[in-house]
Amino acid sequence: MPTHKKVQPQFRALAGSVAAIVAATGALSAQAKEVAYNADGHPYVKGEMLIKVKSKASLERFLDRSRDSLGSLAVRQSVLDAKDGTWYKVQVKESVGSMFAAREAAQAEGVLVAEPNFIYETQIGGKPNKPEPGVGGPDYEDVPDLPDEPEEDPRLGDLYGLELIDAETAWAVTQGSKDIIVADIDTGVDYNHPDLINNMWRNEAEIPGNGRDDDRNGFVDDIVGWDFRDKDARPFDDNSHGSHTSGTIAATGGNGVGISGVAQRTSIMALRFLGGANGSGTSDDAVKSIQYATANGAHLSSNSWGGGGFSQALYDAIQEAGEAGILFIAAAGNANSDNDAAPSYPASYDLDNIISVAATDSRDSRASFSNYGATTVDLAAPGVQVLSTVPGGAYKSYSGTSMATPHVAGAAALILAAYPDLSAADLKSLLLESVDSIPGLDGVVLTGGRLNIANAFEMARSRFGAPTPR
Ligand SMILES: [Ca+2]
Ligand SMILES: [Ca+2]
Ligand SMILES: [Ca+2]
């Protein structure tokens, strides 16, 4: 057994719960899943690895040759077609072990990379709700009409974050657009929540509930996104984390209900790969979520999760999203540690399309839990005691870099609504270069500042001219 350098408490807590959750849903495998840890203390699914090969033939050759040394390995499924190879998930004989198998596989001819199937978690302080049992989700309710004249959101005044980032000034330019699609890759969304239902993405090319893949995107009856954890068309939120992040991105503004997101209007694509009490999920399902967002028209994604080791599969998926012009906005992590010294994935991948977000409080101080990094964490956003939507038409306050990240995602959606032709690089530089400089963030994050969306619009006007809001 490798000696663990340092295992963070949040990882230890996983062991029992993931096995129990997986056993309860039966979704991943008939075999009970157990958690193991690599030498760096990162959790992965015991008995599984992801393997990247040049071709299916090289995979089969490897499996044939290694039956004696590694036991009978079973190919589970292909995970991602990267430009230089294909990723497969492989079931490894438990007595052999994923780490050993991955090391062996990496030596084999035709195998490009092999790695364990890491486990990631939501980046929230404490764990929110007891998960609701069961797979799937409720039927889609009819989308209500918005009021003809905007009606005030009664709890808007409780959102100190919107005030700090100057959302109201930005709303004078645009309140957002349903044409801009934000993939919320998380624990799912309460897509019937009265403050979210109007801003859910609707896959217009799909006929709901007819058991057919009408738009031929590989997913049957996918209306608001997909549930990669339970492998069904209803990415309902069993945890409350994903509904909360969605509300910060784009709870419906001016509908006379609850709050508003940073974008009053946008389209939220719900991609669920995390779930259960700990809000955990695996590399392969994260990769498939990112791939879905890329293939189905998302403009950016919001990613309030982390904690796994370096995964080349995840790197490949985020890079592919970047090549499609998609920003990947990611939580810096909640370990109060320096990402420059100890990277936190996925936020710390060295890819141009990633924005890594730290959390600050109502006085613009770095949250005590927030990771930082003078070169690898880009900017801060409000992430302490943030009020947002949770399932059942309710609202709660949570803290975490999980809550900071969707502020940046909402801001990006708002800018894109006014400047739809911006490249991902231009959008990123606007968000980063227009921050409010905060002395306490100097040397703590790359920009030394906290998101300010009104500044970003001012900068956009000077760089790109008058907005053309949708
Ligand atoms: Ca479909
Ligand atoms: Ca259908
Ligand atoms: Ca509202």
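Which hand does the crossing of α11 and α13 have, left or right?

1. The crossing of α11 and α13 is right-handed. Note that this is a predicted model. Helix α11 covers residues 401-418, and helix α13 covers residues 453-464. Their axes come within 10 Å and cross at roughly 30 degrees. Angles under 35 degrees count as roughly parallel, so α11 and α13 are roughly parallel to each other.

2. Now the residues in that contact. From α11 come Ala411, Leu414, Ile415 and Ala418. They meet Ile453, Ala456 and Phe457 of α13. The contact residues divide into seven nonpolar, no polar and no charged.

3. Next, the calcium ion (ligand 2). Its protein donors lie 2.2 to 2.4 Å away. Side chains of Glu206 (OE), Asn210 (OD1), Asp214 (OD) and Asp221 (OD) take part. Ile207 and Arg212 each give O. The six donor atoms make angles of 67 to 178 degrees, and the site is irregular. The donor spacing in sequence is E-I-x2-N-x1-R-x1-D-x6-D. Ile207 and Asp221 are 14 residues apart, and each sits in the loop between β6 (176-186) and β7 (225-227).

4. Then the calcium ion (ligand 3). Asp153 (OD), Thr252 (O), Asn255 (OD1), Val257 (O) and Ile259 (O) are among its protein donors.

Definitions and conventions:
Residues numbered from 1 in each chain as written. Chains lettered and ligands numbered in written order. Predicted model: local features only at pLDDT ≥ 70, side-chain atom pairs only at ≥ 80, totals over all residues. Heavy atoms only, no water. Axes fitted to C-alpha atoms, helices over the stretch in contact; angles between N-to-C directions. Helix = DSSP H or I, 4+ residues; strand = E, 2+ residues; numbered from the N terminus. Parallel < 35°, antiparallel > 145°, perpendicular 65-115°, else oblique. Left-handed = near helix turned anticlockwise from the far one by under 90°. Contact = heavy atoms within 4.5 Å. Nonpolar A, V, L, I, M, F, W, Y, C, P; charged D, E, K, R; others polar. Donors = N, O, S within 2.8 Å, 3.2 Å for Na, K, Ca; no water. Tetrahedral: all angles 85-135°; square planar, octahedral: opposite > 155°, others 65-115°.
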